[in-house]
Amino acid sequence: MIRRSIPYWLFASLTATGIIVAMLVYATLSIRQTRINPSQNVLPGIKGLAVGIQEITKQRGNEKKPKPSWLVTDAKATYWRLLLGLSAGSIVSILVGVGMGAYSAAEAFFSPVITFMAKIPPTAMLAVYMVVFGTKLEMYVALVAFGIFFTMVQSIYQAVKKDVAADHIDKAYTLGASEFEVIIEVIWRQVLPRVIENIRLHLGPAMVFLIAAEMLFASEGFGYTIRQQSRLVNMNVVYIYLAILGLSGLLIDWLLLRLRRWLCPWFGE
Amino acid sequence: MKLQGILVHCFRRSSTFFSVGLATGALIGGVLLTGCTKSESDSGVGKVTVNGVAAPQFTLAWSEYPSWSVFGVADEQGLIDGNPGALGSIEEKWNVDIVLNLADYDTCIGQYGTNEADAVCITNMDIVAPSTSRPAVAILPTSTSAGADACIVVGINTIDELKGVSTHGLEKSVSQYCFERVLEINGKQPADYPFVNMDPAAAATAMQTAQAEIQSIMVWNPFVMQTLADRKDSKVLFDSTSIKEEIIDMVVVGKDSLGKPGGERFAYAVLETFYAVNKLIDTPATRDETLVALGAKFSKLGLEDMKKVVTQTQFYNSPDQGLALLADGSKFRTATMPAVAEFLVSHEMVEAKPTFGFGDASAQLNFDSRFLSGIRDGIAPDSVK
């Protein structure tokens, strides 16, 4: 029956089966490709992937000028850009979104432009970002921030409008709250879990925009190395990077979930 | 009502099985998918026949570049038909079905690496790394860069002034190779001249929009000509003319594909197609329209610019020129390829020095001039396997 819970052992074993099936599909593809071409590196086996791990964790540069491994260099660059972009985008979305939900004037002013811009893929206007923000850190931050802003602001604005009951606002006013207090104590508290959910949902798109920009402009970062190593057909390195991106995505997602449960325990699961 | 009750009952009973069934279905689906993909290209046999013999199918991955857009023009002219299951005149002669796969340069390299394409248009440098996992046979040098790769600067007049200024271009590519080689020839230390990675199209756009931090870029055509046209104060500091015949554009076939039935006929057909279009370029009556057709997708450059482009990308327009490049004791053989190999190792593009051969079937990358001499001597299609 729909939504009927299943015993824990069944749940756990189905979860494990799902992961095993995914691995089996990869293994089958890898073995088949190796049969076509024994020295292939397109779908590397375990040995090839191990070499890939070695490659990305190996110390670079020479004795005189030691450089950190690819992984360290790329992770620092990419996650710093992501952090700044996500933070900037979220903060602006919160300010504008709450403003739009609270004040009709802001709603009228922002709504048409935001609805229009939300439909434009930011990666398609990379050249515009470059002209305005250059080709360095600012460009990545702006791309991620604006990339998530237009859709995030819409859902925050909707949350402020729909999820905050009118009588809560009225009651706060009756008890003598100032406008600022209503926004902070009533509206913000109620939409905070939605905001965290939104940041979680926008992690994926943010990463897509960032990697795309890094593939074109960067001289370090995951996107840079993935493109370069793909060109050299070193797929063992590329897949390890993809796995790291997937795992780090899971981790950030989980951390945000914990943050939401900790800050807003009333919101439930 | 009764029927509905039975149905509900059935569904209830089956709900546990349903989820298991779903998983099994996914598993079977996955396996089927694995089995189905690429089965078509594995067989390598097309549907078309010539004199009752099936024409085997071979895929050529190409990107828009002066000497490679030749294949696009050949398709428009009906010399070959790039669609699977259709033959042009040259394909009929050699009884092979050439499938043209137009893609980005990077994508083409990927298609070669994944065995998706039998042959690929690629430079002598970029093929080295893929050839370590899929042995390659270079069958046709199509052109050499003689000014098509250039370092474009703004507000810099001499190579000495460039010292310490970041040059933007595609790292670990022909661009960086050309950049460092020209510096070496001029007696400079490449280490003093920082080279920063950026996609050539992006670097060209950055320079055209006058980004302050982009003072110097190292790109290839059409970006060279477009940047010079779009930004008046930019100029070429140096280009690939001083390392002529070091950067070679080629057509490369996978060793495995060449060994398939009809593989060698495919190679000959590719060469014949290339020289047939070259004839159109060299014949005054058809020259202009062929050049315009070549440039149509390659760039937004017009006829006058395309005339310049084909001097900067110098075509090897006859088998003799190709043979001269690969001849015994040629500079390409004794100096260029070893230098390229050195560059690849020092820039961590390959683990171990790859093996080159000239007519040596055991080498990872084999420059095979057999096909050039075959076409020159007018080899008969019947005598080729």
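I began with pLDDT, which is the predictor's confidence in each residue, from 0 to 100.

**Entry 1: ground rules**

This is a predicted model, where I read local features only at pLDDT of at least 70 and side-chain atom pairs only at pLDDT 80 or more, while totals for chains, interfaces and linings use all residues. Residues are numbered from 1 along each chain as its sequence is written, and chains are lettered from A and ligands numbered from 1 in the order in which they are written.

**Entry 2: confidence**

I looked up chain B and found an average pLDDT of 85. In chain B, 86% of the residues score at least 70. Residues 38-46 of chain B fall below 50. That stretch still has 14 contacts in the model beyond near neighbours in sequence. Two residues are in contact if their C-beta atoms, placed from the backbone, lie within 7 Å. Where pLDDT is low, the predicted coordinates should not be read in detail.

Then I turned to chain A. Its mean pLDDT is 90, and 100% of its residues reach 70 or more. Where in chain A is confidence lowest? I found it in strand S1 (residues 60-61), at a mean of 76. Helix H3 (residues 70-102) has the highest confidence in chain A, at 94. For the model I noted ipTM 0.76 and pTM 0.80.

**Entry 3: the build of chain A**

I counted elements as DSSP runs, numbered from the N terminus: helices are H or I of at least four residues, strands are E of at least two. Chain A has 10 helices and 2 strands. Along the sequence the pattern reads α-α-β-β-α-α-α-α-α-α-α-α.

Next I checked the overall dimensions. The C-alpha trace of chain A spans about 75 × 55 × 35 Å along its principal axes. Its radius of gyration is 23 Å, whereas a compact globule of 269 residues would be near 18 Å. This radius is taken over C-alpha atoms, and the globule rule is 2.2 Å times the number of residues to the power 0.38.

I also looked at burial. A residue is buried if 20 or more other C-beta atoms lie within 10 Å of its own, exposed if 12 or fewer, and partly exposed in between, with C-beta atoms placed from the backbone. In chain A, 32% of the 269 residues are buried. Of the chain A contacts between residues at least 6 apart in sequence, 68% join residues at least 24 apart.

**Entry 4: where A touches B**

I found 31 residues of chain A in contact with 33 residues of chain B. Four helices of chain A each supply at least two residues to this side: H1 (8-36), H5 (126-133), H8 (179-217) and H9 (222-231). H1(A) gives the most, with 8 residues. The chain A side divides into 16 nonpolar, 11 polar and 4 charged residues. Here Ala, Val, Leu, Ile, Met, Phe, Trp, Tyr, Cys and Pro count as nonpolar, Asp, Glu, Lys and Arg as charged, and the others, Gly among them, as polar.

**Entry 5: a bent helix and a straight one**

The expected span of a helix is 1.5 Å times one less than its number of residues. A straight helix of 39 residues would span 57 Å, but H8(A) spans only 45 Å between its end C-alpha atoms. I found a kink of about 50° in H8(A), centred on Trp188(A). The bend at a residue is the angle between axes fitted to the seven residues ending there and the seven starting there.

I compared helix H16 (residues 331-346) of chain B. Its 16 residues should span 22 Å, and its end C-alpha atoms are 21 Å apart, which agrees. The buried residues of H16(B) are Phe332(B), Thr336(B), Met337(B), Val340(B) and Leu344(B). Their cover includes H6, helix H15 (319-326) and strand S13 (356-358) of chain B. Just after H16(B), Glu348(B) takes a positive phi of about 55°.

Val233(A) is not a glycine, yet its phi is positive, near 55°. Val233(A) sits in the loop between H9 and helix H10 (235-263) of chain A. Is Val233(A) buried or exposed? I found Val233(A) buried, with 22 other C-beta atoms within 10 Å.

Asn115(B) also has a positive phi, about 65°. Asn115(B) lies between helix H5 (105-113) and strand S4 (119-123) of chain B. Asn115(B) counts as buried, because it has 20 C-beta neighbours inside 10 Å.

Last, I noted a cis peptide bond from Asn221(B) to Pro222(B), with omega near 10°. Pro222(B) is in the loop between strand S9 (216-220) and helix H10 (223-230) of chain B.
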